[in-house]
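This briefing covers one protein chain, shown below. It starts with the chain as a whole and then turns to its parts.

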Amino acid sequence: MVLLLAAGAATVVAFLPDSAAAGDPEIAVSRSACGTGWADPKPGPQTFRLHNTGSVTAEVDLIDPATGVIYGEVEGLGAATTRPLQVNLGNGSYAFRCLPEDAAAIVGPAVQVTGGAERTGPGVAPVTHDDLLGPLKAYQQHVTTGLAELVANTGALKTTVHGGDRAASQAAWLTAHLTYERLGAAYDAFGDSDGALNGTADGLPGGAADPGFTGFHRLEQGLWHGEDLGALAAVADQLDTDARALQTSFATSQVDGNDLGLRAHEIMENTLQFELTARTDYGSGTNLATARANLDGTRAVLDVLRPLLAPRYPDLSKVDSWLNRTQSALDAAHRPDGTWRRPADLSRPERQKLNADVSELTELLAPIAAIAEPRRTS
């Protein structure tokens with residue numbers, strides 16, 4: 001993968017083809033040497049051909065040698081492999097940093113670029129694993145608290161289903177489901193529990209009638225399609241059991257540091273794909289409530305990452321603005337009586353505005369994955 005972190009502008013992530021012109025400078029990468037071959041430093045758009053002359057895979061960063069700020073990187077450069085790195089350089093000092101597998105980082109010779117535009121904005125100061133310890137601890141506690149709320153809510157849901165009150169069971173289902181949906185950045189740490197608790201019938205041989213269809217959406221289907229509550233009691237029992245098992249297993253699990261920045265974007269991407277299209281509606285019509293819970297989940301991720309993002313992401317204030325705008329659009333779908341409008345209930349202009357808001361927010365969240373990715377620096 002080739003990542004471009006643009007200097008002098010908001011951070012941009014680009015996925016670049018593995019090709020370059022023959023006349024582009026070739027930069028050597030190995031355990032013993034790094035960054036040689038840059039003989040004619042110049043400003044503006046250009047492509048470097050990074051050639052790994054060593055015997056192990058390496059990561060290569062283009063950095064400011066004084067500060068370690070990264071302006072571009074290539075990950076997974078295999079031995080005897082050449083990959084392009086496209087950059088747009090302003091005036092300043094630059095060097096290549098090579099990080100071979102199982103070896104210390106090597107910083108190549110510094111070069112001075114002159115005669116171009118002033119470097120008006122920073123690249124990205126690398127986030128290290130140590131930098132993420134605080135945010136991960138805070139998010140771990142957030143999820144732990146959320147899981148305690150979840151098991152309280154699935155327990156209440158089980159009780160209402162056993163009590164035979166369909167309306168109360170539907171209300172309890174929504175409360176419990178939204179609690180789960182606010183924990184979006186932790187799903188990878190949940191392992192198989194996520195499928196058991198919140199999986200859909202997609203891909204199951206028997207569809208919605210398949211015995212493997214369990215969890216919130218299985219119960220949703222029964223509660224809103226008139227299934228006997230006595231028969232649904234076993235579904236509610238299993239949901240509660242699975243929620244409690246997740247609470248227990250998560251106590252010895254950990255959210256991956258790579259996941260925090262990545263999920264900030266993916267939560268809203270999934271919202272756009274599954275909730276605004278009602279693809280996960282099994283009868284309750286509460287997809288917009290789920291979207292609103294997903295927004296809360298995104299805010300929770302941003303809250304713990306904010307100290308790292310504030311000095312690294314110039315568009316963070318714009319993210320906050322679009323979060324508020326999207327929240328207002330979703331809150332407008334919440335009726336005074338506490339029920340939620342379905343996506344199909346929205347007028348065409350309302351749907352277009354909501355889709356546009358979530359799309360723009362998703363786009364603004366995308367660079368956070370690259371910015372918050374933990375990197376080696378030594």
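In this predicted model, 71% of the protein chain's contacts with a separation of 6 or more are between residues 24 or more positions apart. The protein chain has 11 helices and nine strands. Buried residues account for 51% of its 378 residues.

**Overall dimensions**
- The C-alpha trace of the protein chain spans about 80 × 45 × 35 Å along its principal axes.
- The protein chain has an accessible surface of about 16100 Å², and carbon and sulfur atoms contribute 52% of that surface.

**Nonpolar cores**
- The largest nonpolar core has 71 residues, of which Tyr139, Phe190, Leu219 and Leu305 touch the most other members.
- Helix 8, residues 287-309, gives the most to this core, with 12 residues.
- Leaving aside residues up to four places away in sequence, Leu219 touches Leu157, Trp173, Leu232, Val235, Ala236 and Leu239.

- Three strands, in the order 2-3-6, form an open sheet with mixed pairing.
- Strand 2 (26-29) and strand 6 (82-89) are the edge strands, and each of them pairs on one side only.
- From one strand to the next, the twist averages 30°.
- Strand 3, residues 44-52, runs antiparallel to strand 6, and eight bridges join the two.
- Gly44 stands opposite Leu89 of strand 6.

**Positive phi outside glycine**
- Ala80 is not a glycine, yet has a positive phi of about 60°.
- The loop between strand 5 (70-77) and strand 6 holds Ala80.
- With a relative accessible area of 63%, Ala80 counts as exposed because this value is over 50%.
- Asp102 is likewise not a glycine and has a positive phi of about 60°.
- Asp102 lies in the loop between strand 7 (92-100) and strand 8 (106-107).
- The relative accessible area of Asp102 is 76%, so this residue is also exposed, the cut-off being over 50%.

Terms used:
Residues numbered from 1 in each chain as written. Predicted model: local features only at pLDDT ≥ 70, side-chain atom pairs only at ≥ 80, totals over all residues. Heavy atoms only, no water. Pairing = 2+ DSSP bridges. Helix = DSSP H or I, 4+ residues; strand = E, 2+ residues; numbered from the N terminus. Axes fitted to C-alpha atoms, helices over the stretch in contact; angles between N-to-C directions. Buried < 20%, exposed > 50% of the residue type's maximum accessible area, 1.4 Å probe, protein only. Core = buried A, V, L, I, M, F, W, Y, C linked by side-chain atoms within 4.5 Å. Contact = heavy atoms within 4.5 Å. Areas by Shrake-Rupley, 256 points an atom, 1.4 Å probe, with all protein chains shown as cover.
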